[in-house]
Amino acid sequence: MRVLLVEDDRMIGEAVQQVLREAAYAADWVRDGVLALSALEAQSYDLVLLDLGLPRKDGFEVLRQIRSHDNPVPVLIVTARDAVEERIRGLDLGADDYVLKPFEMGELLARMRAVLRRKGGQASPVMSNGSITLDPTTREASFDDSTVLLSAREFALLQALMVRPGAILSRQELEDRIYGWNEEVESNAVEFLIHSLRKKLGSRVIKNVRGVGWLVSKAG
Ligand code: CA
């Protein structure tokens, strides 16, 4: 999953980006509203984490423009604890949920998972497709009879495929879901991750379509 973090405070931005990356998100960080809008034009995101007080264009204006382009990307706004009016305005402009500053990272991650779940039309916190299940809270995957713990990047790759079972994702599409800006991608990184997922879960878990990409077969 790829997340755009829009936050002008350097300390908060650095801390949140690091937590997001540790939690297996490809996280891009911008520090003003104009850069947020150009990032959204250049790249598709699974979620936007949007501070409201921002230089050049504030968060309300960013949100208004996202929704006026009919972009359905889930948006979580970050607002001050006492600013009820801001929260109401943000939700009415099309935000999906909010986090109150100062926030606990654990709560932030849980709200992100909840918003992504709703967006995917998924009721259960565990993703499943046939005999594959993936738990975003523990990063555990199971296939047939084995349950294993995945690394952050193994998880990010399998999740990208599980979000769209039956769809073939190219190397570039997978890299986009796993690596944010400024993260070095080794040329065979995707193959390496597929190899280690197959080693952990069995070779049938991910299928390859030669020259095109990889998929998780749609069950039933
Ligand atoms: Ca701010």
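Student: In this predicted model, how many nonpolar, polar and charged residues line the largest cavity?
Tutor: Seven nonpolar, no polar and one charged. The lining is L5, V6, E7, I12, V16, L49, V78 and F103. Glu counts as charged, so E7 in that list is the charged one. Strand β1 (2-6) and helix α1 (10-22) each give two or more residues to the lining.

Student: Why is this space called a cavity?
Tutor: Because a 1.4 Å probe fits there but cannot get out. The search finds one cavity of 30 Å³ or more. About 40 Å³ lies in the largest cavity.

Student: Is D51 buried or exposed, and how do you know?
Tutor: Buried means under 20% relative accessible area. D51 has 5%, so D51 is buried.

Student: And what makes D8 partly exposed?
Tutor: The class runs between 20% and 50%. D8 has 28%, so D8 falls inside that range.

Student: How do you know which residues are donors to the calcium ion?
Tutor: D8 (OD), D51 (OD) and G53 (O) sit at 2.2 to 2.3 Å, so they count as donors. Their spacing in sequence is D-x42-D-x1-G. D8 lies in the loop between β1 and α1, and D51 in strand β3, so the pair ties together parts 43 residues apart in sequence.

Student: What makes L150 stand out in the largest nonpolar core?
Tutor: L150 is one of the residues touching the most other members, out of 31 in the core. Helix α6 gives the most to this core, with eight residues. Beyond four places in sequence, the contacts of L150 include L134, F155, L158 and L197.

Notes:
Residues numbered from 1 in each chain as written. Predicted model: local features only at pLDDT ≥ 70, side-chain atom pairs only at ≥ 80, totals over all residues. Heavy atoms only, no water. 1 Å grid on protein atoms, 1.4 Å probe; cavity = no way out; pocket = protein on both sides within 12 Å on 5 of 7 lines; lining within 4 Å. Points joined across faces, edges and corners; volume = space filled by probe spheres on them. Helix = DSSP H or I, 4+ residues; strand = E, 2+ residues; numbered from the N terminus. Core = buried A, V, L, I, M, F, W, Y, C linked by side-chain atoms within 4.5 Å. Buried < 20%, exposed > 50% of the residue type's maximum accessible area, 1.4 Å probe, protein only. Contact = heavy atoms within 4.5 Å. Donors = N, O, S within 2.8 Å, 3.2 Å for Na, K, Ca; no water.
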